[in-house]
Amino acid sequence: MICKLALEVARQGKALSSEENMIFVNIFRRIEVVTEYRWKVKEACDTSFIYWHRSIAPVYFSHVFNNPTLAPNLQYFLASMADCRKQILSMRHLSSDVDKLSLLQNDIIGNFE
């Protein structure tokens with residue numbers, strides 16, 4: 001943002017030619033894309049919605065149990081449950097974070113059995 005402001009001031013003061021201005025604009029666009037990339041990937045890969053759809057876990061576990069070749073994919077499902085941590089820790093009816101996380105853990109283990 002500061003760079004864009006500085007570029008605008010330089011453009012208004014006629015310190016840069018239009019060609020130089022376009023070069024800086026393109027450079028700033030590239031920098032912006034690179035800096036937003038990590039945030040966009042994290043947002044696109046967020047699986048916290050699974051917390052609200054925990055009822056699919058027993059169905060998924062039984063599907064994996066019936067198709068043992070899918071067992072290596074089980075790690076991805078369990079890793080997706082880690083994104084639910086934010087929702088779990090925001091619960092107010094349990095005071096201890098350990099109690100909150102053990103609730104999810106017990107739910108997953110109960111479905112797995």
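Q: Patches are made of residues with over 30% relative accessible area and no salt bridge, with like charges joined within 9 Å and nonpolar side chains (Val, Leu, Ile, Met, Phe, Trp, Tyr) within 5 Å. Which residues form the nonpolar patch on the surface?
A: I23, F24, I27 and I31, with about 340 Å² of accessible area together (Shrake-Rupley, 1.4 Å probe; for residues, only the protein chains shown count as cover). The model is predicted: local features need pLDDT of at least 70, side-chain atom pairs 80 or more, while totals for chains, interfaces and linings use all residues. Numbering runs from 1 along each chain as its sequence is written, and side-chain values use heavy atoms, without hydrogens and water.

Q: How many salt bridges?
A: One in the whole structure (Lys or Arg side-chain nitrogen within 4 Å of an Asp or Glu carboxyl oxygen). K40 and E36 form the salt bridge at 3.4 Å, N to O. Both lie in helix α2 (residues 18–44), four residues apart, about one turn.

Q: Is K40 buried or partly exposed?
A: Partly exposed, at 47%. E36 is partly exposed too, at 32%.

Q: New topic. How many aromatic pairs?
A: Three (ring centres within 6.5 Å, Trp by its six-membered ring; planes under 30 degrees apart are stacked, over 60 edge-to-face, the rest tilted). One of them is Y60 and F61, tilted, at 6.3 Å and 55°. Another is F61 and F77, edge-to-face, at 5.6 Å and 85°.

Q: What does the F61 and F77 pair tie together?
A: Parts 16 residues apart in sequence, because F61 lies in helix α3 (residues 56–66) and F77 in helix α4 (residues 74–80). Both are buried.

Definitions and conventions:
Helix = DSSP H or I, 4+ residues; strand = E, 2+ residues; numbered from the N terminus. Buried < 20%, exposed > 50% of the residue type's maximum accessible area, 1.4 Å probe, protein only.
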